[in-house]
Amino acid sequence: AVFAAAAFTATTASAYTAKDCPSIAEAAGAIAQGRDDGLSLNTSKAIVEMAGFPFAIEYLLLEITGLAFEKPALTPAILEALTLHTCVDHFSTDA
């Protein structure tokens, strides 16, 4: 239930790259797992905010946290896969 321990390899710089997508996706899956294990939305958001992510990553993970609680049918595996696909797609189409 502790998704703050999800591996995250981004540097502390605010910029991130496609190389960070697997770690971001893993964190997204961990958020959904925390939800399934009984963490509340507020607790999940607090954990994301206290994790020390770069601003852009924190913002993204807070959005994902909201989505995870809004759509409980999104299993941890689905949310992780969806996040990975969206992240990679973002970098492949980013100009």
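**View 1. Helices α2 and α3 meet, with axes that come within 10 Å.** This is a predicted model, and here we zoom in on α2, which covers residues 41-50, and its partner α3. Their axes cross at roughly 165 degrees. Angles over 145 degrees count as roughly antiparallel, so that is what α2 and α3 are to each other. The crossing of these two helices is right-handed. On the α2 side, the contact is made by Leu-41, Ser-44, Lys-45, Val-48 and Glu-49. Helix α3 answers with Glu-58, Leu-61, Leu-62, Thr-65, Gly-66 and Phe-69.

**View 2. Here's the largest nonpolar core, a group of 16 residues.** Which members touch the most others? Look for Ile-31, Val-48, Leu-61, Ile-64 and Leu-79. The largest share comes from α1, with six residues.

**View 3. Zooming in on Ile-64, one of the core residues that touch the most other members.** Leaving aside residues up to four places away in sequence, what does Ile-64 touch? Its partners are Ala-28, Ile-31, Leu-79 and Thr-83.

**View 4. Stepping back, the protein chain has four helices and zero strands.** Follow the sequence along and you'll read the pattern α-α-α-α. Of its 95 residues, 35% count as buried. The chain's accessible surface comes to about 5400 Å², and carbon and sulfur atoms hold 61% of that. Now take the contacts with a separation of 6 or more: 71% of them link residues 24 or more positions apart.

Methods: Residues numbered from 1 in each chain as written. Predicted model: local features only at pLDDT ≥ 70, side-chain atom pairs only at ≥ 80, totals over all residues. Heavy atoms only, no water. Buried < 20%, exposed > 50% of the residue type's maximum accessible area, 1.4 Å probe, protein only. Contact = heavy atoms within 4.5 Å. Areas by Shrake-Rupley, 256 points an atom, 1.4 Å probe, with all protein chains shown as cover. Core = buried A, V, L, I, M, F, W, Y, C linked by side-chain atoms within 4.5 Å. Axes fitted to C-alpha atoms, helices over the stretch in contact; angles between N-to-C directions. Parallel < 35°, antiparallel > 145°, perpendicular 65-115°, else oblique. Left-handed = near helix turned anticlockwise from the far one by under 90°.
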